[in-house]
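Let's take a walk through a protein structure and see how its pieces touch. Have the sequence and the 3D view open as you read.

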There are 2 protein chains.
Amino acid sequence: MNIGEASNASGVSAKMIRYYESIGLIRAPLRTDSNYRVYREDEVHVLRFVKRARTLGFSVEETATLLGLWQDKSRASAEVKDIAVGHIAALETKIAELQSMVKTLKHLAHCCGGDNRPDCPILDDLAGEHPHSKGH
Amino acid sequence: MNIGEASNASGVSAKMIRYYESIGLIRAPLRTDSNYRVYREDEVHVLRFVKRARTLGFSVEETATLLGLWQDKSRASAEVKDIAVGHIAALETKIAELQSMVKTLKHLAHCCGGDNRPDCPILDDLAGEHPHSKGH
DNA sequence: ATAGACCTTCCAATCATGGGAAGGTCAAGA
DNA sequence: TCTTGACCTTCCCATGATTGGAAGGTCTAT
């Protein structure tokens, strides 16, 4: 299986497969005589693992740790759970931040007429002026 | 007011002030004889505007547009509202994605013993195996 | 043999930000 | 006046994950 097929089979682009190899996340596969990379089924399995971890928002570094734990038959599941739980906390912090932004923006958009007059509470807020505050 | 004071007054780092100037987001201020940047109050005001927009998650490019609209006395508030509303939609999409990740991870973490045994549903999921599915 | 769909490496760009080097400037104190 | 330390300047580099592209080699089917 060459890199294009491995890419299709795993959902990881060929570019990224080479990149992951270059940073040591995955091992360099064997090559053909003409220097093409050849992937075995288990190597594609690793790529799918990586893809899923990245999709779940783990960084490449976290993914490397998880991959190591996956391949270590004697690891404790507690270690994996710690990483997952820490990741959940980070995601929830991020979500809260975004929700706070949305809340502010919705309030501003609600107050903004969106018509052709130049009065605009959104810009007033960005500018740090609050002359139209009507307290709702 | 030199760049350090402008930085303190606006919350934008000196590094970023110079960067914003280099990409044309803000105008180059006057200089002293010794080539120091000097900021006036209205320029600090612009910096605060930029800071607030960035804090609200607008990209630098969106910020540039908003800044242009802010400084254009004849602009229509509809245009500003469109940007804000589009931005809200993008943020909500991002939030939904993150929430989906959290949901999956919480389920996996819940199923994971977190003990010293190597059995780990989290890794099984990443690996694409679902042998322990008990349907809850 | 040739077309075109692969593959290879290498280099660059993205976005926003921070780090740091090498050197110039200013204000306060000895 | 000289020194010290805190500022300022420009310049280049690094981050993280990914994409784009150039220049060139290889494979397959016609």
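What follows is a short tour of a predicted model, from the place where the chains meet to a few single residues.

## Where the two chains meet

Let's begin with the interface. Here 50 residues of chain B are in contact with 50 residues of chain A. The size of an interface is often given as the accessible area lost when the parts come together. For chain B and chain A that buried area is about 4400 Å², and carbon and sulfur atoms give 71% of it. On the chain B side, the residues that lose the most area to chain A are Leu105(B), Leu123(B) and Leu126(B), together 16% of what that side buries.

Which parts of chain B each supply at least two residues of the side that touches chain A? They are α3 (41-55), α4 (60-71), α5 (77-111) and α6 (121-126). The most comes from α5(B), with 20 residues. Sort the residues of this side by type and you get 27 nonpolar, 10 polar and 13 charged.

## Charges and polar pairs across the interface

Side chains of opposite charge can pair when their charged atoms come close. Between chain B and chain A there are 4 salt bridges. For an example, find Lys106(B) and Glu92(A) in your viewer: they form a salt bridge, and their closest N and O atoms are 2.9 Å apart. The interface of chain B and chain A also has 10 residue pairs in polar contact, with both residues at pLDDT 80 or more.

## Salt bridges inside each chain

Now look at the whole structure, where the search finds 12 salt bridges over all chains. In one of them, the side chains of Arg37(A) and Glu21(A) meet, with 2.8 Å from N to O. This pair links distant parts of the chain: Arg37(A) sits in strand β2 (residues 37-38) of chain A and Glu21(A) in helix α2 (residues 14-22) of chain A, 16 residues apart. Are these two residues, Arg37(A) and Glu21(A), buried or exposed? Both are buried.

Chain B has its own examples. Arg31(B) and Glu21(B) form a salt bridge, 4.0 Å from N to O. Arg31(B) lies in strand β1 (residues 30-31) of chain B and Glu21(B) in helix α2 (residues 14-22) of chain B, so the pair ties together parts that are 10 residues apart in sequence. Arg31(B) is partly exposed, with a relative accessible area of 36%, while Glu21(B) counts as buried at 16% relative accessibility.

Another salt bridge joins Glu41(B) and Arg48(B), at 3.3 Å from N to O. Glu41(B) is partly exposed at 49% relative accessibility, and Arg48(B) is partly exposed at 34%. Over in chain A, salt bridges that share partners join Glu21(A), Arg31(A) and Arg37(A) into one network.

## The nonpolar core

In soluble globular proteins, nonpolar side chains tend to be buried together. The largest nonpolar core in this model has 76 residues, and Leu123(A) and Leu123(B) touch the most other members.

What does Leu123(B) touch, if you don't count residues up to four places away in sequence? The list is Phe49(A), Leu66(A), Leu69(A), Trp70(A), Arg75(A) and Val80(A).

## A few residues worth a click

Start with Ser77(A), which is in helix α5 (residues 77-111) of chain A. Ser77(A) is buried, with a relative accessible area of 0%. Leaving aside neighbours within four places in sequence, Ser77(A) is in contact with Cys112(B), Gly113(B), Gly114(B), Asp115(B), Arg117(B), Asp119(B) and Cys120(B).

Next comes Gly57(A), in the loop between α3 (41-55) and α4 (60-71) of chain A. Gly57(A) is partly exposed, at 26% relative accessible area. Beyond neighbours within four places in sequence, Gly57(A) is in contact with Glu62(A), His87(A) and Met101(B). Its C-alpha atom is 9.6 Å from that of Ile88(A), although Gly57(A) and Ile88(A) are 31 residues apart along the chain.

Finally, check the backbone at Asn35. Asn35(A), in the loop between β1 (30-31) and β2 of chain A, has a positive phi of about 75 degrees although it is not a glycine. Asn35(B) also has a positive phi of about 75 degrees, and Asn35(B) lies in the loop between β1 and β2 (37-38) of chain B.

Terms used:
Residues numbered from 1 in each chain as written. Chains lettered and ligands numbered in written order. Predicted model: local features only at pLDDT ≥ 70, side-chain atom pairs only at ≥ 80, totals over all residues. Heavy atoms only, no water. Contact = heavy atoms within 4.5 Å. Buried area = accessible area lost by both parts, 1.4 Å probe. Polar contact = N/O pair within 3.5 Å; in protein donor to acceptor, adjacent residues only side chain to side chain. Helix = DSSP H or I, 4+ residues; strand = E, 2+ residues; numbered from the N terminus. Nonpolar A, V, L, I, M, F, W, Y, C, P; charged D, E, K, R; others polar. Buried < 20%, exposed > 50% of the residue type's maximum accessible area, 1.4 Å probe, protein only. Core = buried A, V, L, I, M, F, W, Y, C linked by side-chain atoms within 4.5 Å.
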